[in-house]
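Subject: Structure handover

Hello,

Here is the structure you were expecting, with notes on what was found in it below. Please keep it open while you read.

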Amino acid sequence: QNKPNGVPPRRWLNFCNPELSALITEKLGSDNWVNNLEELTKLRAFASDKAFQEKWQQVKRQKKVQLAGLIKQMFGDDVNLDSLFDVQIKRIHEYKRQHLNVFSIIHRYKELKAMTPEQRKQAVPRVCIFGGKAASSYDIAKRIVRLINQVGNKLNSDPDTKDLLRVYFIPDYNVSLAEKMIPGAELSQHISTAGTEASGTSNMKFQMNGSLILGTWDGATIEIAEETGVDEVFIFGVRAHEIHELRKTRKDLKTDPRWDAIMEDIKGGMFGDAEYFKPLVDSVHDMSVGNDWFLLANDFADYMRAQAEVDAAYKDQSEWTRRSIMYTAGSGKFSSDRTVREYAEDIWKMKPVRPQ
């Protein structure tokens, strides 16, 4: 019998986000929630309160300023603080699908380039932030990281779009960096192919800090959606029970024209290193060479739909903030205290004893 995973709230909320912790304590009237995370459900009553929303937004802005400071320190760039801070930090792996994310960024860039200056004023600006590590011998992972960096190099220096779209890969990712990145995130991406994620805990850390989730129906995202409200999560993609048949028929899939154009852009050298990126493109696009085992092409169109929903939601900051509060309010189940307690009570048949 397994119990749902959890993360320690004392580290992933109280320690790494003292500003939000102080606001929660002020609203709830005590800091009992730190050791009894289920008390966060009381925040649901204030999710639509305009005065509380304003304080919540002020805290999130502080954490974005701090994350922007990290980017400034590492890359020397000033980013637009009115941008949606969009974060994907995970082990670099084909099933985690960081390349699906960067493919969507390429399409967003091309859309921005095609817009008139007046049309660009209506676009939602984004700062897209990646982090993660992989095994040193994992060839495709290296190519994914290189593509992210090359896309960032081009986009971050384009005078037409750099105030509307930035891309950064944070080097040497570790827990200390995560403690800065997670509180500053407004959107976090958990986009593994359905059925491949055993559970995952990074989404729990983002949820505690009020970051909305864009993800597949996979791993702990399912439980988070059940606690937060399915309509509050940006869900896309095929479901786990469909995977087997879709893999058998992937070679016959008529791919989205936007997908095809992105593949040609990368192969054509839009981001340099055309030969280096060819095996990466072939692995998901040329079915005479690869097999797109993790079904990026199958999920691409629905992923773009979900991304459009994110943009629309972010334009309504009151609604976005209400959702953010609801995420934190729904995170009580995902405390590691609850996980250990359930194992002790239901499996180990142990009772807690206070130290003498």
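Helix 11 (residues 257–267) and helix 13 pack with their axes 9 Å apart and at an angle of about 115°. That angle makes helix 11 roughly perpendicular to helix 13, since 65 to 115 degrees counts as roughly perpendicular, under 35 as roughly parallel, over 145 as roughly antiparallel and the rest as oblique. Axes here are lines fitted to C-alpha atoms, for helices over the stretch in contact, and angles run from 0 to 180 degrees between N-to-C directions. Contact means heavy atoms within 4.5 Å. Helices (H or I, at least four residues) and strands (E, at least two) are DSSP runs numbered from the N terminus.

Before the rest, a note on the source. This is a predicted model, in which local features need pLDDT of at least 70 and side-chain atom pairs count only at pLDDT 80 or more, while totals for chains, interfaces and linings use all residues. Residues are numbered from 1 along each chain as its sequence is written, and side-chain values use heavy atoms, with hydrogens and water left out.

Six strands form an open sheet in the order 3-2-1-4-5-6, with parallel pairing (two strands pair if DSSP finds at least two bridges between them). Its edges are strand 3 (165–170) and strand 6 (234–236), each of which pairs on one side only. From one strand to the next the twist averages 15°.

Strand 1 (residues 84–89) and strand 4 run parallel and are joined by two bridges; Asp 86 stands opposite Leu 187 there. On the strand 2 side (residues 126–131), strand 1 has six bridges, again parallel, and Val 87 stands opposite Ile 129. Helix 6 packs on the sheet, where it touches strand 2 and strand 3, and its direction makes about 140° with that of strand 3. Helix 13 also packs on the sheet, touching strand 1, strand 2, strand 4, strand 5 and strand 6, with its direction at about 170° to that of strand 6.

Strand 4 and strand 5 (residues 212–216) run parallel, joined by four bridges. Gln 189 has Leu 214 as its bridge partner in strand 5. The chain gets from strand 4 to strand 5 through helix 8 (residues 202–208), in a right-handed β-α-β crossover (with the strands pointing away from the viewer, the path from the first strand over the helix to the second runs clockwise). His 190 is bridged to Gly 215 in strand 5.

Strand 5 pairs with strand 6 in the parallel sense over three bridges, and Leu 214 has Phe 234 as its partner in strand 6. Strand 5, helix 9 (residues 220–228) and strand 6 make a right-handed β-α-β unit.

What is covered

Strand 4 (residues 187–190) is covered on both faces: Leu 187 and Gln 189 on one side, and Ser 188 and His 190 on the other, are all buried. Buried means under 20% relative accessible area, exposed over 50%, and partly exposed in between (1.4 Å probe, protein chains only). In strand 5, Leu 212, Leu 214 and Thr 216 point one way and Ile 213 and Gly 215 the other, and all are buried.

Helix 7 (residues 175–184) is mostly covered, with seven of its 10 residues buried. Its buried residues are covered by elements including helix 1 (9–15), helix 3, strand 1, strand 2, strand 3 and helix 8.

Two single residues

Leu 67 lies in helix 3 (residues 50–75) and is buried, at a relative accessible area of 0%. Leaving aside neighbours within four places in sequence, Leu 67 is in contact with Phe 85, Ile 129, Lys 180, Met 181 and Gly 184.

Arg 143 is in helix 6 (residues 139–155). Arg 143 is buried as well, with a relative accessible area of 13%. Not counting residues up to four places away in sequence, Arg 143 touches Tyr 276, Phe 277, Pro 279 and Leu 280.

Regards
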